[in-house]
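Hi,

Here is the structure I said I would pass on.

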Amino acid sequence: MTRISYVNGAYEPHPYAVVHIEDRGYQFSDGIYEYIAFYNHTLVDADLHFKRLERSLRELQIALPMSIRSMGIVIRELIERNGRADGGLYIQITRGVAKRDHAFPKHTTPSLVMTVCQAKLPKEKEVREGVKVITQPDIRWGRRDIKSVSLLANILAKQKASEKHAREAWLVDGDIISEGSASNSYIVTKAGELVTHPANEFILGGITRDVVLRLARKNGIKVSERAFSVAEAKKAAEAFLTSTSANVLPVVEIDGIKVGDGKVGVITRQLNTLYTAHIFKQTGKQL
Ligand code: PDD
């Protein structure tokens, strides 16, 4: 089946789906995105993703190119045209095409691009045995809460991780772990407390993070949204990361140092099960 992408009102075969060279997303990274998983044609936590998308746009004063309701209709059509029951939906909205000038253009229509890809799930072995992460300096800007397409610092960190055969780079600000290059970071202390960085301007507040923290609290796990250091993480009982594509993924090594006994932790395992059940409840898909 031909891969179809949506570009500014048209459904195009993927190789021909293009935007103008003076799109401000291309020129300035002047735009935002969302990545949403879907199973059995159903988006996971759609409302939360659209809420974050609207917030990102508001923060950058970019207008919503169409109503969320209309976007839902386009998304359904796009998923159907791609003949995929399960996959990932990428949405990108930029300020639009305009003569290159830093200040906002006066009359520009925002650009809307949507693509659908194969579901990016972690490997079974990664979920069973956990993954390794390395730490890297967090050199990003001061508004990481906006899901901006400007990901240069993130990709440089991820590239370092990839070169070191690590699954993710955990970004370090001072001595505090803010989050991963494309995921949120967590530890479980020896006292059984789940710790993750507060959702402020220093991290992207993940949708998976929101859901996992809610599930943890509901199931009697003590949650503390506070900063934790690299040293504390290396002494933790458990660690894990979350994202739309990784779900709840155990971390068993940080910079070559084993977390706890180097095995997947009990609370991590429990949260993975709870999150998988959350996806099943919405979509009927058993991961
Ligand atoms: N990444 N932090 C960063 C910097 C991220 O890029 C992401 C998501 C997350 C987790 O957010 P969520 O749980 O809403 O996926 C945290 C996506 C998947 C991406 O860039 O493709």
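**Salt bridges and the rest**

R226 forms a salt bridge with E232, with 2.9 Å between the closest N and O atoms. By salt bridge I mean a side-chain nitrogen of Lys or Arg within 4 Å of a carboxyl oxygen of Asp or Glu. R226 is partly exposed at 26% relative accessible area, and E232 is also partly exposed, at 24%. The cut-offs there are under 20% for buried, over 50% for exposed and partly exposed in between, using a 1.4 Å probe and protein chains only. Elsewhere, salt bridges that share partners tie D138, R140, R144, D173 and E179 into one network.

Before you go further: this is a predicted model, so local features need pLDDT of at least 70 and side-chain atom pairs count only at pLDDT 80 or more, while totals for chains, interfaces and linings use all residues. Residues are numbered from 1 along each chain as its sequence is written, and side-chain values use heavy atoms, with hydrogens and water left out.

Back to the charges. Searching the whole structure turns up 23 salt bridges. Two more of them that I looked at:

- E225 and R209 meet through their side chains at 2.6 Å, N to O. This pair links distant parts of the chain, with E225 in strand β12 (residues 223-225) and R209 in helix α6 (residues 207-218), 16 residues apart. E225 counts as partly exposed at 35% relative accessibility, whereas R209 is buried at 2%.
- R128 and E124 form a salt bridge at 3.6 Å, N to O. They sit four residues apart in helix α4 (residues 124-129), so about one helical turn separates them. R128 is partly exposed at 45%, and E124 is exposed at 65%.

As for charge overall, the protein chain carries 41 positive and 32 negative side chains, and the centres of the two sets lie 2 Å apart. Lys and Arg count as positive, Asp and Glu as negative, with His and the chain ends not counted. Each charge is placed at NZ of Lys, CZ of Arg, CG of Asp or CD of Glu.

What about the overall shape? With 287 residues, a compact globule would have a radius of gyration near 19 Å, and the protein chain agrees because its value is 19 Å. That radius is taken over C-alpha atoms, and the globule rule is 2.2 Å times the number of residues to the power 0.38. The C-alpha atoms fill a box of roughly 55 × 40 × 35 Å along the principal axes. Of the 287 residues, 49% count as buried. The accessible surface is about 14,100 Å², 53% of it belonging to carbon and sulfur atoms; the areas are Shrake-Rupley values with a 1.4 Å probe, and for residues only the protein chains shown count as cover.

Among contacts (heavy atoms within 4.5 Å) between residues at least 6 apart in sequence, 70% join residues at least 24 apart.

Leaving aside neighbours within four places in sequence, A239 is in contact with W170, Y186, I187, P250, V251, V259 and T268. The C-alpha atoms of A239 and M66, 173 residues apart along the chain, are separated by 40 Å.

Cheers

Technical notes
Helices (H or I, at least four residues) and strands (E, at least two) are DSSP runs, numbered from the N terminus.
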